[in-house]
Amino acid sequence: MRSELYIDGKWRPSSDGRTFDVVNPATEEVIHRIAAATAEDVDVAVKAARRAFDRDGWPKLSGAQRARYLRAIAEGIRARQAEIARLEVIDNGKPLPEADWDVADAAGCFDFYAGLAEQLDNSPEEPIALPDARFTSKAVKEPIGVAGAIIPWNYPLLMAAWKVAPALAAGCTVVLKPAEVTSLTALELAAIADDVGLPAGVLNVVTGAGSVAGQAIIDHRQVDKLAFTGSGARDIKRISLDLGGKSPFVVFDDADIDEAVEWIMFGIFWNQGQVCSATSRVLIHDGIYDRLIARLVEETKKISIGNGLEDGVLLGPLVSKRQHQQVVAAIEAAKAAGATVACGGKRPEGFETGYYLEPTVLTDVPLESDAWREEIFGPVVSIRSFSTEEEAIELANDSRFGLAAAVMSRDDRRAERVAAAFRAGIVWINCSQPTFTEAPWGGYKESGIGRELGRWGLDNYLETKQITRFATGEKWGWYIK
C-alpha cells in the first residue's frame, strides 16, 4: 500500500510530515497511515500540472498518443484487479464482488475515453457557414487546462476514473484529491500511471483533509477546471458538480411483485445505500402496497451482512464511524417524525465492532420529514403509497433534488409517459441504478451542474474557440475609404 503523495512524477511525504490513519470499517482497526497534504503540497502539485500543460506538451500530443497512455492505464488496472479490489474492500467496506465490478468498470472507463481521444483527431475543427462571403470561420475544441478533481468515498477508484480518464483524453492535466477515508486505490492509480510512463505532472494525487487539501485546490488560481462529486466551490471557474439526490422509484400495480422487490433492494442496498443516485424514496400503488411491503420486508431480512471479504456477503459496513452515526441519527429522527420501521434500523446482532447497520425499511414516512426529503446515504428506504399516476408524478417531483428517478410498469406507454414527466437527469424504466460509461450522468435542480460520462464527460474538459478570418485582398473600408 502506498503512503506518500504523488506529485510531478515522484513519491514524496507531506511538507510538514503529517499523516492520517486508514481505518478498516469492518473491524475499526487502523491498517495504514498516509500523507496528509498541506496547501503548500497542493501548490507544488498544481504548478507541476501547470508546467506539464503549458510547457511540456501534454495537450499538444495527438488524441491517439494520449489514447495509448489511457489504454496502458486500463491494462495496468486489469493486471492488478484482484489486488485493487481487496484494497477497496478494506478501505471502503463494500462486498468484494461489488469492488471487483467497480475496478473492472474503472478500467473500462479508461478504454472508453481512449476511443474518444482518438476521435478528437478525426474532427479537429468544424467549419461554420457565414452570411458574409468575405469571412470564413471555424470552431475548434481545446483542452481547458489544469483540472482539479475532488472525489467521494463511495466508489473510490471508479469516481477517480470518471474524472481522470476524460480529463487526460481531452489533453488536460490533473490534480486529484481522493476522499480522506478512502484514499488507497487513488494512490494505486497513480502508481499504475507512473508504471506506464505517464509524463511527470500530468497526473498528481494529493491525499488529506478536504478542509485543507481540497480547499487549496478549490482556491488555487492556476486551476482552470473543478470537478466535484459531493461538494461546491466559491471561486469562479469551469465547474462540474454531482451533488447527490433523493431519487424516487414509482411502482405501479401491474408490476411483478418479485421484480419490483429485487429492483427496490438493488436501488437502495447496493453499496450499503451509499450511492448518490440511490432510489431511496419509493412510491407504491395502493393496490399492491401491502403485498409488496410484506415481500420487501421478507427479502430484506435475508440479506447477508458481514465483512466484504467474506463469501456471500451482500451488505458490508458503512464507510466510517461518522457516517454510521449520521445514518442511525436519521433513522431515529424518522421514527420521531412518525415513520414506522418495518424492519432493520439497528446494529445487527453479533457485530459489536465495525460500522454495521441492518438494511432498513421505513413506511408511512411523513412528506415533510427529513427522511423523505433529505439524503440519508445509507441502507435506508422511505416508502409511501399513491393512488393515481398524477399523484405519483407530483410526489416524485416534489424535491429540491433531481439526479435520478425510476418507474416500474408493464404498460410501456405509461412507463414512457412517466419517465418523460420526471424532473431528473437519469431515468430508469423497470430497473434502478444501471450505469454505463457511454451514457450521460448528472442531475436537474440541486443535484448538480453539467454531465459526466459519455461524450458529455469529455466535453467537460474542452473549451470551444471560434476562429474567424477576413479574406486576403479585401478591404473593410469603414474608416479608410
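Guide: Seven nonpolar, four polar and two charged residues form the lining of the second largest cavity. In this count Ala, Val, Leu, Ile, Met, Phe, Trp, Tyr, Cys and Pro are nonpolar, Asp, Glu, Lys and Arg are charged, and the others, including Gly, are polar. The model is predicted, so local features need pLDDT of at least 70 and side-chain atom pairs pLDDT 80 or more, while totals for chains, interfaces and linings use all residues. Numbering runs from 1 along each chain as its sequence is written, and side-chain values use heavy atoms, without hydrogens or water.

Nearest the centre of this cavity, among 13 lining residues, are Ala278, Ser280, Glu375, Ile376 and Phe377. Its volume is about 60 Å³. A cavity is a set of points, on a 1 Å grid over the protein atoms alone, where a 1.4 Å probe fits but cannot get out; lining residues have an atom within 4 Å of a point. Points are joined across faces, edges and corners, and the volume is the space filled by probe spheres set on them.

At least two lining residues come from each of helix 12 (389-397), strand 17 (401-402) and strand 18 (404-408); helices (H or I, at least four residues) and strands (E, at least two) are DSSP runs numbered from the N terminus. By class, this lining has eight nonpolar, five polar and four charged residues.

Open space is counted too: a pocket is an open set of points with protein on both sides within 12 Å along at least five of seven lines. The second largest pocket has a volume of about 440 Å³. Its lining has 21 residues, with Asp105, Leu158, Gln433, Pro434 and Thr435 nearest the centre. Helix 4 (96-122), helix 5 (156-170) and helix 8 each give two or more residues to this lining, which consists of 14 nonpolar, five polar and two charged residues.
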